[in-house]
Structure formats: C-alpha cells, structure tokens
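I want to look up a few things here and jot down what turns up.

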Amino acid sequence: MYKETDFKKIEINTDPPLTEPERQYYYIALCRELVRREAERLGRPLTCCVTTFGCQMNARDSEKLTGILKEAGFAEAGEEQADFVIYNTCTVRENANLKVYGHLGLLKHRKKNNPSMRIALCGCMMQEPEVVEKLKKSYRFVDLIFGTHNIYKFAELLAETLGSKGQLIDVWEGTGQIVEDLPVERKYPFKSGVNIMFGCNNFCSYCIVPYVRGRERSRRPEDILKEIETLAAEGVCEVMLLGQNVNSYGKTLENPISFAELLRRVERIDGIARIRFMTSHPKDLSEELIQVMRESKKICRHLHLPLQSGSTRILQAMNRKYTKEQYLELVARIRREIPDISLTTDIIVGFPGETEKDFLETLDVVRRVRYDNAYTFIYSRRTGTPAASMENQVPEEEVKSRFDRLLALVQKNAKAQTARFADTVQEVLIEEVNKHDTAFLTGRTSNNLLVHFPGDASLVGSIRRVRLEASKGFYYMGTLISE
Ligand code: 5AD
Ligand code: SF4
C-alpha cells in the first residue's frame, strides 16, 4: 500500500485519519510541507542522520526511521552536518547508555551553532524511566524522546516536533499493536533484515530486553511473506529473519505456526537465495527446525546459539531453562544432522555468584563446542532485573581476569575453526568494495565467514564462487573463480 501512496496528493488541511498506517501517511505529507517551508527559509535542503546503537533489530528500526525522514524530504548527511539527528539507542549493557550520554555532550555544542537543528532519541534506553527523568532534567536541548512501542508513530511525532519548540516526550509502557506498510530505506540493496516478531517473554534474570521491548508479538506469516516477496522483487537475495527468540515464533498467533514452517514458506520465494535468522534460544530449538535446516538449499550454514554460561547452577540463576548437558546434547544433534554448520554464541562473564568452578564449566563448553566465534560480555547490572539485586556480585578484578582467559580461548578456537575452510571453494555474497583497498571486494560465505578478494565493484550484490586461500584468523583472502 505504501508503494502506491503519492504523498503529494494527501490532503493535509483536514483532520488526520484515525486508522493506521493511513494516519502516518497523513503525517508524512504534513512533514513534507514543514520541511519544504523550512528549507525555503534557510535557502538549502534539510539534512538528517540516523545513528544506531545496539543490535540488528535496532539496525532494522533505523532503516524505518530513515525511510520516513527521506519521505519527509530530508537528505541524508553525516552527523556533523545534519539538521535532524536521531539516536536509536540500546540499553542491554550500561556501556551502551554511557556512549549515548557521551555523544549527547557533543550534540549540545553543535546545536548552539545551528539553532534550526533538532535532536531526537528513541529505542530501548528511552523505555527506562530513570533515563527519561535525567533527560528531562539535564538534557533540555533534546527535542524529541520516544520509545520502542510507538516507533511506528515516528512521522506523527516528527510533525509535532518540526512544528513546535520545547521537549516532546512520548514513551509507552507496552503495545499489542504491529503497524505494517510503513516506508523503509534499506542500507543494502541486496540484503535485508525482516522482523518476524517483537519483544521477549523469557525474562533471563540479567536481561533488560523484556522490560524495554515488551511481550512477545509475532507478525502474521502472510505479512512477512508479502514483505519478503516485495524485497525479492526489488533485488534482495538474502534475508535475515529477526526476533529476540525466533524459535518461539508464531506460538501466540490466532492461527499458530512454527518457525520451521515459516522457514519452509520463505524458502519457496523465488529470488531469495539465502536465509539467515537471529536469535535462537536453545530451550526452544526444535527437531523440526534442525530438519528444515538440514534439507534447505537456502538457509545459511550458521546458527547463533547463545550459551550465556556453561555452569548449570548459573544457568538456573539466569533463568535460562537448560542445563550444560542439554546444551551440549543439542549441539551434538545439530552437528550430527548438519556437519558443515558454523556455530556462534554469546557468553556472559561475572554473573552474580559465578565462582571459579562455574567459570571453568563455561571454558569447558567453549572447548568442547569449538565455536566459530563467540561474543563475550562482562556482566552488566541492569536496574529492575532480578540479577541486579542478587548478592555475591563478582569483584571487578576477578571478572576481568576471567574475561581475558575466555577471550583467549574463543580466539584460539575461532582461528582453528576458520582454518577448516582453507583451499575450499565457497559461494560468497559480495557485500562491498573493500574499505582499505578499493581493488578488493568483501563478501560473506554461507557460514558467515568474511572473504576479501580482488574484483570489480560491479559485482557487489551478486553471489559468486570464491576460492578461500589464506586464512587470517577470522577472515580469508581469496580469489574469484571465473565462471
Ligand atoms: N550484561 C551483560 N551481557 C548481557 N547480555 C544481555 N544482558 C546482559 C547484561 N546485563 C548479553 C547476552 C545476550 C546479548 C545480546 O547480550 O549475552 O545474548
Ligand atoms: Fe534477554 Fe533472554 Fe529475552 Fe534474549 S531471551 S532478549 S537474553 S530475556
């Protein structure tokens, strides 16, 4: 519907419609008028910049924000030049919040030199009441603050901000609503994230996500498939299905459907050559999914399977609902059925009460699974989560030493795992011209391994066969096989 909409023809001198997405289309049309007038006044086009913190979900949300800003008439620019700057924030660890405050300091200075500048903040961090209080008190120069649940209303909020002065705050506690058919500006023409669900019901005891992203809501399969068909028609060949826990996709829909069944249907879409997904909770990974992956020609040979800890005792305190043995057994089953798969994971070090013995259990799992890569995090205390009030928070020195030992093992494994592809020929989706040397291209194998090789920019976006020659630890240097 959005594709057929001509925003120039929308009547803005009437009341806005009450249904979505028509209401947002109305506000996009209104923004266009406000942006046009301001640009005329300044005698130059208005520019915008969307800065993303955090995960792939946020990256996808940022494409939606950019889509609306561009429809409203903003041109994209670097943060230093932009008239409208928006930070799509993350709050999964304290560090993420600190980064945002650091950046805001710089923006304040810039706004002094450009009085027509507007600053907006959205995303997970805005769902924390303490954050909003702090912004209200000490960051008055921020013009617009909204959260994760009403991001679909961005056009409406933008119109209000552009048409007024002062700080506008609109943060909701939750929503059951999913608004389809809003503009999106994709970062890559050939690959795209696709939200399949929002929120999380798992309440891992360290994690703030269920509080800031709300309860699990799945999109209807027909909406997802329609979106992917449209993407394929536009030239997208790789999709990444996104959700906090894709393995529980569809369970709460009026007509329930499994994630594996959704994958089967995505597989049938012509033009889509590769399917990825993120993230899988081990407790919900079904036998059906393993079989679908095994039989699929399109699902990439990569599974991200967050471990968090290798100690059953800590896993229980984390509310992860699996034991060390169950996790290892699951990995063994996956490897048995899909031997060429790459496994990656997330691990937290220093969860409250973690002893040296618990930590050695984590190292043991890492040694046994031989992950292709692992994202390692130092436990960060998030206000409001059960773990924040647990006793026995681990001393910083101890955590640091464990973290370093874990990282060394992870890197050693990654190197060994990467080496197993030496001298093989792999299909590579060419993603970009190499940033350091423009004679080279950079692409990704189905296993999610990066490869650099000499080639021409015209190949970006295509899937080609590349010989992986020299392993460099985490990536390869290769050569293109001429067809
Ligand atoms: N501290 C450290 N790491 C965390 N993660 C989530 N919450 C926290 C926290 N409080 C990590 C988990 C998750 C990843 C996205 O972030 O490992 O899988
Ligand atoms: Fe956080 Fe656990 Fe939900 Fe992942 S599954 S978002 S770690 S609560």
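Before anything else, I need a rule: a salt bridge is a side-chain nitrogen of Lys or Arg within 4 Å of a carboxyl oxygen of Asp or Glu. I also note that this is a predicted model, where local features need pLDDT of at least 70, side-chain atom pairs count only at pLDDT 80 or more, and totals for chains, interfaces and linings use all residues. Residues are numbered from 1 along each chain as its sequence is written, chains are lettered from A and ligands numbered from 1 in the order in which they are written, and side-chain values use heavy atoms, with hydrogens and water left out.

**Entry 1: salt bridges**

I searched the whole structure and got 47 salt bridges. I picked Asp 364 and Lys 324, whose side chains meet at 2.7 Å, N to O. Asp 364 sits in helix H12 (residues 356–369) and Lys 324 in helix H11 (residues 324–337), so this pair ties together parts 40 residues apart in sequence. My helices (H or I, at least four residues) and strands (E, at least two) are DSSP runs, numbered from the N terminus.

Is Lys 324 buried or exposed? Lys 324 is buried, at 8% relative accessible area. For me, buried means under 20% relative accessible area, exposed over 50%, and partly exposed in between (1.4 Å probe, protein chains only).

Next I looked at Glu 94 and Arg 382, with their closest N and O atoms 2.8 Å apart in a salt bridge. Glu 94 belongs to helix H3 and Arg 382 to the loop between strand S14 (373–378) and helix H13 (396–419), so the pair links parts that are 288 residues apart in sequence. Glu 94 is partly exposed at 35%, whereas Arg 382 is buried at 2%.

How far apart in helix H1 are Arg 41 and Glu 38? They are three residues apart in H1 (residues 22–42), about one helical turn. Arg 41 is exposed at 59%, and Glu 38 is partly exposed at 22%.

**Entry 2: the ligand**

I listed what is near ligand 1, meaning a residue with a heavy atom within 4 Å of it. Arg 382 turns up again here, and the list also includes Val 92, Arg 93, Asp 346 and Phe 377.

Then I checked polar contacts (pairs of N or O atoms within 3.5 Å; within protein, one must be able to donate a hydrogen and the other to accept it, and residues adjacent in sequence count only if both atoms are side-chain atoms). A polar side-chain atom of Gln 308 is 2.7 Å from an oxygen atom of the ligand. A backbone N or O atom of Ser 380 is 2.8 Å from a ligand nitrogen, and a polar backbone atom of Tyr 206 is 3.0 Å from a nitrogen atom of the ligand.

**Entry 3: Asn 150**

Where is Asn 150? I found Asn 150 in the loop between S5 and H5, buried at 0% relative accessibility. Its side chain reaches the backbone nitrogen of Gly 147 at 3.2 Å. A polar atom of that side chain also lies 2.9 Å from the backbone oxygen of Asp 170. Leaving out residues up to four places away in sequence, Asn 150 touches Leu 157, Asp 170, Val 171 and Trp 172, where contact means heavy atoms within 4.5 Å.
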